[in-house]
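Here's a quick tour of one model, with the cut-offs spelled out as we go. Have a look at the structure first.

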Amino acid sequence: MLWSIVCNPHCLFQCFLPDTSDARRRSREIDAMLKRDRRMPPVVITLEGSDRGGISTFLKQMRLINGKEYNHKEVLEFREVIYDNIIQGMGVLVQERKKLGIPLHNSTNEMHEMLFESLDWRVTLEPCTFQPYVEAIDSLWKDSGIQEAHRRRSNFKLYESVKYFFNNIHRIGQLNYLPYNQDILYACKVRENLGDHYFELRDSPFTVIKGSVMRYILPKLGKYLDIDTPIFYIIGSSDYDKIFCGDNCLIQSMNTFECLCNSKGLLNCPIILLFNKMDLLAEKIQTSDIRKHFPEFQGDPHRQEDVQEFLVQSFQKRKGNNSRNIFYHMTTAVDTENVRKVFESIKVDIITCILKDSQLL
């Protein structure tokens, strides 16, 4: 379900469901106008938000949606990343289970745990060296003790993607395994190169930049700032119970958003809030009460719509009194069709804002 939002002095955060026929008509008109005026530079999109919010996944989706598949060398690199995510993820769960004093259900899994305690992390894993861990991973993941440690993962750092990989361990453990696109979307690189990305979407040119807006983006955008650079601000919606460096991750995200809204150099830039990880949010609200971390929450803590509304209102309060354009969407970055629909919808809004400001519309 797509939600869109627009903020202006007379109407703060008015929710609406888009008229798809009208949106298609507007999209065709904008595409035709862009074809007539080839002088228009690429739309520069800035991706902002916490590193845990799903920025890298969103960039990978944009690449795949625009038809740029990963070559064989890149697929092999992602295979190594996936192996590393799995091994390190299970190692973290084994370590944290012991710290939390959670007993194993199956005592034979104590031998399996020893594999991850004695692992040489410097070893580069290949299919033949990864395969011996498959049985141990499968057995440990089915153990209620490891499951309980995973349920308490908000207390320690763990990639959310490990659950997906553990559930697909027998496919991933095959000697001829090559990652699917979906596997690549879940893969988490420790130091991922998130440089500039250029692509076209139905003849509309876009340049995507990821980085710190205040320290990096402003000087880099240069001449593009006069066309009201759109900013995608990605929020890890399921991070309401996570603590990083002593602070709540969602509050950290709100604080950064507030700085973004009040930055004088960005007052004319429309902001698109992407409340990401809706799939994880739906799962988490069943076991983690948001009221423990946000006592001001009113509503049913197990009802996703109530939690979504609270998230929107919380960011609304940080916006202040400025009259900038703000849009929002609920997204799941690993869901290709969801991202495709969201991006098509907000593309129309972005280009409409730019053309209006450029007096082309």
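Arg152 has a relative accessibility of 30%, so it counts as partly exposed (buried is under 20% relative accessible area, exposed over 50%, partly exposed in between, with a 1.4 Å probe and protein chains only). This is a predicted model, where local features need pLDDT of at least 70 and side-chain atom pairs count only at pLDDT 80 or more, while totals for chains, interfaces and linings use all residues. Residues are numbered from 1 along each chain as its sequence is written, and side-chain values use heavy atoms, leaving out hydrogens and water.

Arg152 sits in the loop between helix H7 (144–151) and helix H8 (162–167); helices are DSSP runs of H or I with at least four residues, numbered from the N terminus. Beyond its neighbours within four places in sequence, Arg152 touches Leu100 and Ile102 (contact means heavy atoms within 4.5 Å). Its C-alpha atom is 9.2 Å from that of Ser288, 136 residues away along the chain.

What about disulfides? A search of the whole structure turns up zero, a disulfide being a pair of cysteine sulfur atoms within 2.5 Å.

| Residue | Relative accessibility | Class |
|---|---|---|
| Arg152 | 30% | partly exposed |
| Cys188 | 23% | partly exposed |
| Cys261 | 0% | buried |

Cys261 is also one of the H12 residues in the contact with H14.

Key: Helices (H or I, at least four residues) and strands (E, at least two) are DSSP runs, numbered from the N terminus.
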